[in-house]
Amino acid sequence: MSDEVLVERRGAVQVITINRPEARNALNGAVAAGIRDAADELDADSALRVGVLTGAGGTFSSGMDLKAFLKGETPSFPGRGLCGITQTPPRKPLIGAAEGWALAGGFELLLACDLVVAGASARFGVPEVKRGLVAGAGGALLLARRIPRALALEMILTGDPVDARRAAEIGLVNRVVDEGHALEAAMGLAEKIAANGPLALMASKEISNGGGDWTAAERWDEMARVMRPVFTSQDAQEGARAFAEKRAPVWKGR
């Protein structure tokens, strides 16, 4: 894996860091491949339960590296989207930890995250229309699923950024913390999540994300389909047993 993406394990949490601070963590081919591969590892490794995506040097990401693009590099993958996660995000929970700017493709990576923790200095935006372009890696398509449609359109159509405080007000981020502490706060949140049943976490995310696409006639059956393997799992038995015995559960992921 390229040193432009750093991946480390902190217990059951995987931390993915975009490591191009000299380029404001712009997204090139190497960064895209690194994030894609880390996301695949997150889903494949049963010891990992939650991912945290962040950027080095006080910036989350300024978006696509235009210099690399002019050289023929692309940070997207067919069928998977930007950095391999905007169309096919991980099955396991992913938390964005944002400091400084998260613009264009960088902002769209945060839309692939389930939760976002922001430092007080963070700024979020999809400025593509200012260059005659469309936020095609998820901004135009998905932002209105995250926040009210009128507010999403204001960001998309003006191209103007919002600060961390405003992002929290409109429901774009979960928590705003002191500048420089976004990763620390995201880790605290990740550890709380990782303490829960891994099968239940993935099923809950699938239901929450997919429910909006299910018709009224099918949503309860679809939810039952996703839930059924969880309720018949060894982990479900362990959860009940641990509660009765007043101890922490030992999850097996099966």
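The model is predicted: local features need pLDDT of at least 70, side-chain atom pairs count only at pLDDT 80 or more, and totals for chains, interfaces and linings use all residues. Residues are numbered from 1 along each chain as its sequence is written, and side-chain values use heavy atoms, with hydrogens and water left out.

View 1. Helix α8 covers residues 198-210. Helices (H or I, at least four residues) and strands (E, at least two) are DSSP runs, numbered from the N terminus. P198, L201, M202, A203, K205, I207 and G210 are the buried residues of α8. Buried means under 20% relative accessible area, exposed over 50%, partly exposed in between (1.4 Å probe, protein chains only). These buried residues pack against β6 (94-98), α7 (182-194), α9 (219-231) and α10 (234-244); contact means heavy atoms within 4.5 Å.

View 2. Five of the five residues of β6 are buried. In a regular strand, side chains alternate between the two faces of the sheet. L94, G96 and A98 are buried on one side of β6, I95 and A97 on the other. β6 pairs in the parallel sense with β3 (residues 50-55) over four bridges. Four bridges also join β6 to β8 (residues 115-119), again parallel. Two strands pair if DSSP finds at least two bridges between them. G96 stands opposite L53 in β3 and opposite V116 in β8.

**View 3. An open sheet of three strands.** The order is β7-β9-β10, with mixed pairing. β7 (101-103) and β10 (162-163) are the edge strands; each has a single partner, so one side of each is left without a neighbour in the sheet. β7 and β9 (residues 123-125) are parallel and share three bridges. L103 has G125 in β9 as its bridge partner.

**View 4. The largest pocket.** About 910 Å³ of space lies here. On a 1 Å grid over the protein atoms alone, a cavity is a set of points where a 1.4 Å probe fits but cannot get out, and a pocket is an open set with protein on both sides within 12 Å along at least five of seven lines; lining residues have an atom within 4 Å of a point. Of the 33 lining residues, P89, L111, A112, D114 and N209 lie nearest the centre. α8 gives the largest share of this lining, eight residues. The lining has 16 nonpolar, ten polar and seven charged residues.

**View 5. The second largest pocket.** About 560 Å³ of space lies in this pocket. Its lining has 20 residues, with M64, L66, A104, E128 and L133 nearest the centre. α2 (66-70) and α3 (105-111) each supply at least two of the lining residues.

**View 6. Two cavities.** The count is two cavities of 30 Å³ or more. A volume is the space filled by probe spheres set on grid points, which are joined across faces, edges and corners. The largest cavity holds about 40 Å³. Its lining is F107, L110, L111, V116, F124, R146, L172 and V173, and α3 gives the largest share, three residues. The second largest cavity, also about 40 Å³, is lined by I16, I35, A39, L53, I85 and L94. That lining has six nonpolar, no polar and no charged residues. Ala, Val, Leu, Ile, Met, Phe, Trp, Tyr, Cys and Pro count as nonpolar, Asp, Glu, Lys and Arg as charged, and the others, Gly among them, as polar.

Terms used: Expected span 1.5 Å × (residues − 1).
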